[in-house]
Amino acid sequence: MEMSVSGGVRPNFDAILPARDDLRPLHICWFLHNHCNHRCSYCHESNWSGSFRWVDFAQVKAFVEQVKAHYGDRQILVSFTGGEPTLWPDFEKCVQYLTDSGIEIGMTSNGAKPIEFFERIAEKFSWISLSFHPEFTRPDKFLSLVNYLSGVVPISVRIMLPTEEKLWRRSMEFRENLERSFSENRIRGRVQIEMVKTVSGFGTVNTAPIVYAAEQEAELLKFPSRELSREGSIKPPYASVLGEYVTHQNGDATSAMLRVNDLVESHQVNFQNWICNIGLEQLFVGADGFVFRSGCGVGSRLGRLGHRISFPTKPVRCWKSYCHCATDIAVSKISPEWVKNPSRDSSFANRELLSGASTYERLLFKFYDSLQREIFELETSQRDRSLRGRVRGIYLLLKRFWLTLQWSSRWSS
Ligand code: SF4
Ligand code: SF4
């Protein structure tokens, strides 16, 4: 049986910052809807139940116009996820609209739609992540799709790793098959393989890593995430989102290219108390149309599709002990140690968040943090329809109203 642990471990570096000053694209992680043709056992029901109505295309367009007005000349990248994003009836229309508007797009898909569907849209994408789910994915059809897409668009293949032995084996066999197909020239382009450990409570306040058996950890060390590339093939996916960020050591001046998968595999994703640029470099749109800084839940809600959005202008202090999403990890962030060192560049950070704050302010931060946790939990949990559940819901709703007032006066400029 799988077990979760409470959080990640502290990273062995002090900051994640862009490699170049001029490169700060805005990345919108868009959870388009929660309909899916699969029911993966490691996936929370809220990701596939179809409990939300399809997103309204007119509202999508209005939101994009607001983003462009607020973030000015910044390059905008949109990553679609879900649910299975390609199931949305207006998906192709939306792809056309975004690319016509000069926005770069990418998506994560389970690849279940027919290849003809991907042939119609693939060239409009800057990257596509295909997820292999051992319970449902048909390996042969999936491999044909990998072959086609790898010649057209940068792709990564995310191989999910459930702890259950039978499923684990299927995923590892698929990996072997993929590597063999590549070496036998049955896959023409470049493929980035991502071995993805599953988490428990995905998308809820209790998202936590899962404990794998020692033999599985050992096998993963032998077959980690890697890239299969041919000379002259197209650049890897996420180049502008992930590839241009570096990690820094505070003790000396060295820096290294950010390798998100390595951090996840070694659990070095506990950024609690770090200052994080989420909301400034990345936004998250949920299946219910609510807009957040990120799916991690840190920072208050920014608004809803169809309404005016209060875009943030300042970073946040992280209160989570596990940062679970690859693109969240890549967002610029600096540790308390980094902030305290006067010789370091922390120009984007709000220094008072950590240093120089009075005891009263520190207590207030803690209070806000605990309220945020409760609210996020309420928003992501199944609703309890008993009388006690409803009373608790109303109580938390009032708290949310109060918090929104306090929080927006504190953080909005
Ligand atoms: S394909 Fe993705 S969204 Fe669908 S059930 Fe599996 S993990 Fe969840
Ligand atoms: S993205 Fe969220 S969880 Fe990750 S470091 Fe930033 S605030 Fe924390």
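Below is a short chat about cavities, a ligand and a glycine.

Reply: This is a predicted model, where local features need pLDDT of at least 70, side-chain atom pairs count only at pLDDT 80 or more, and totals for chains, interfaces and linings use all residues. Residues are numbered from 1 along each chain as its sequence is written, ligands are numbered from 1 in the order in which they are written, and side-chain values use heavy atoms, without hydrogens and water.

Me: How many cavities of 30 Å³ or more are there?
Reply: Three, from a search of the whole structure. A cavity is a set of points on a 1 Å grid over the protein atoms alone, where a 1.4 Å probe fits but cannot get out.

Me: How much space lies in the largest cavity?
Reply: About 140 Å³. A volume is the space filled by probe spheres set on the grid points.

Me: Which ligand sits in the largest cavity?
Reply: Ligand 2 does. "Sits" means that more than half of its atoms lie within 2 Å of the grid points.

Me: What residues are around ligand 2?
Reply: Among them are Cys 276, Cys 296, Cys 318 and Cys 323, plus Asp 328 and Lys 333. Each has a heavy atom within 4 Å of the ligand.

Me: New topic. Where is Gly 151?
Reply: Gly 151 is in the loop between helix 4 (139-150) and strand 7 (155-161). Helices (H or I, at least four residues) and strands (E, at least two) are DSSP runs, numbered from the N terminus.

Me: How far apart are the C-alpha atoms of Gly 151 and Arg 190?
Reply: They are separated by 7.7 Å, with the residues 39 apart along the chain.

Note on methods. 1 Å grid on protein atoms, 1.4 Å probe; cavity = no way out; pocket = protein on both sides within 12 Å on 5 of 7 lines; lining within 4 Å.
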